[in-house]
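I am opening a notebook on this structure. The entries below say what I looked up, in the order I looked.

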Amino acid sequence: MNRKELADLLLPGITKTIEDYEKMYPERNVSEGAIITRYAPSPTGLPHIGNLYQAVISKKLANQTNGVFYLRIEDTDQKRSIEDGITKIIKSLNDFDINFDEGVTSESTEVGLYAPYIQSNRKEIYWAFAKYLIENDMAYPCFCTEEDLDEIRKKQEKYKSRIGYYGRHAKCRNLSIEEIEKHIKNGDKYIIRLKSPGNFEKKFVFNDCIKGKMELPENDQDIIIIKSDGLPTYHFAHLVDDHLMRTTHVIRGDEWLSSVPIHTQLFRMFNFKVPKYAHIAPLLKDDEGTKRKLSKRKDPEASVTYYHEQGIPNEAVILYLTTVANSNFEEWLDHNKDKSINEFKMEFKKMSTSGALFDLEKLLNISKNYLSTLKASEIYDRILNWSNEFDLEFKNLLEKYKDKSIAIFNIEREQAKPRKDYACYSDIKNQVWYMYDELFAKENKNYEFQKITDKEEIKNILNTYINEYYNDFDDNETWFNKMKELAEKLGYASNMKEYKLNPDNYKGNIADISNVLRVALTTKATTPDLYSIMKILGKDTIKQRFELL
RNA sequence: GGCUCGUUGGUGAAGUGGUUUAACACGCCACCCUCUCAAGGUGGUAUUCAUGGGUUCGAAACCCAUACGAGUCACCA
């Protein structure tokens, strides 16, 4: 039996060769400098914020170079795959406006010339590549059982040598064809291992797009390329897929950094062009003084659904992640307020080589700024949408009082320097509840009167104001002038500067008066512009609320 | 434990030998603005770049050691 026949025996039923595949999936016709990259998750659950982060970066880089951004599903670990995994990934990414130029589009559909994009559907392709290696004595079947491997490891631990399946520890590496045949006749289970040509003593140097020049030992491990279920390991699938799909840049988390020698070795054994690698540092979390990777199990903010539940707009999350990726983005945005985020040029060189702490506070600030740029009607639509899922009481009020609600959200909004007091949708009800009679009626009222607390004086101020001064049709200036008149009539200073000079000449000042009016209307000492609030509530409501005191 | 990478303020960071007595942003503090907030404005917030040593006329930047942190060492990706 020769090696070709051996390969057929080990991986039977394969008709195509690697040359056939080479022709089926030709080089892409893209312009110089175009980045072809992918998002390649395992369908094991909803994306993690770190996955989103990688997707944002990859998509941006592909888009800005007129490249290709595609979705490939890495489901070679069948045990971990979950039901509807693909749907969930696509949906949650789409929510963040991350779409793909090609690849998987649902559990059973895909678009693009480099299909299939789901690894479990590419088995015969991997086998063809594995066969090539076996035929050329660059891979071999390994019949070691779990116990055999255990024994090897224990021996290595005992003699303090490196752990692994390599060199003289690789028992099956030099099996003769006859011995292999015997094992197979015996029905022994096998996997396929790479016959690594590497030397651990030698240094392997490469250039990472983000981390720069790296020096690692060459790989000498005879890594598994085809598992006992016939599917490839990550390493082998990466080689085959990223070569055939003509990926130019492999953008992934930096936990992969130390596997680059394996990957490069694989590409070289086939004489393929090695793609460029960009290893992204993880998002970290401060945990009692030490930094650790954000974890989906421990940290609610690691889950992408967290932002949806909190009512943080997806756009803000994207803006934040872009800022973390390239910290000069913020400054760029500040100087290019009218431009679209698409015009920003992201650079590998600007990415941090060590992990960044995920800063929720900063995210909220970005969100606050973002929300302040929206029109009142847009805010209304978004809150309605959010409330529909998380606060039905508020949703009903929003629907019942649509115009009024928009007016409320418009207080100090559509202007050059808008108010910025909403950081997320879930904030808003807490800030505007007193504008709705239904909510005001059921609230346990804690009136925050400050300087003036005397009941009689308060009543006097309220009555004088509503009977002698207030008018729904006054403009802002008239309204304020009347406030001044009211203050003076009752013995309070209408001018703050004057009051500060001679405080003893007055009972108090206009701020004290407006505190009374504000608190009587809203119970709170701090609210947005009082004039706007009064105008929206209207004289009848104002009167009613004054009478409660 | 082996190998690898990293360490600039409360946070994200800019910065690769001299214009850095360390940019910018978030946070915090103070003051200013025709009412309270928010916003906006002004100023403050690291005598110093993990620590120790060295190279140099000169170092956050180059070199060495130490400490700390992270990643990796699966028939998981």
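**Loops and backbone**

I began with aspartate 137, which sits in the loop between helix 5 and strand 5 (139-142); helices (H or I, at least four residues) and strands (E, at least two) are DSSP runs, numbered from the N terminus. This is a predicted model, in which local features need pLDDT of at least 70 and side-chain atom pairs count only at pLDDT 80 or more, while totals for chains, interfaces and linings use all residues. Residues are numbered from 1 along each chain as its sequence is written, and chains are lettered from A and ligands numbered from 1 in the order in which they are written.

Aspartate 137 is not a glycine, yet its phi is positive, about 60 degrees. Is aspartate 137 buried or exposed? Aspartate 137 has 10 other C-beta atoms within 10 Å, so it is exposed. I used these cut-offs: buried means 20 or more other C-beta atoms within 10 Å of the residue's own, exposed means 12 or fewer, and partly exposed is in between, with C-beta atoms placed from the backbone.

Aspartate 84 also has a positive phi of about 60 degrees without being a glycine. I found aspartate 84 in the loop between strand 2 (68-71) and helix 4 (85-95). Aspartate 84 counts as exposed because it has 10 C-beta neighbours inside 10 Å.

I then noted a cis peptide bond between alanine 115 and proline 116, with omega about -5 degrees. Proline 116 belongs to the loop between strand 4 (110-111) and helix 5 (123-135).

**Helix 22**

I looked up how far helix 22 reaches: its 13 residues span 18 Å from first C-alpha to last, close to the 18 Å expected at 1.5 Å a residue (1.5 Å times one less than the number of residues). Eleven of the 13 residues are buried, including Ile510, Val516 and Leu521. The buried residues pack against several elements, among them helix 19 (455-469), helix 20 (476-489) and helix 23; contact means C-beta atoms, placed from the backbone, within 7 Å. Threonine 523 follows helix 22 and has a positive phi, near 70 degrees.

How values were computed:
Two residues are in contact if their C-beta atoms, placed from the backbone, lie within 7 Å.
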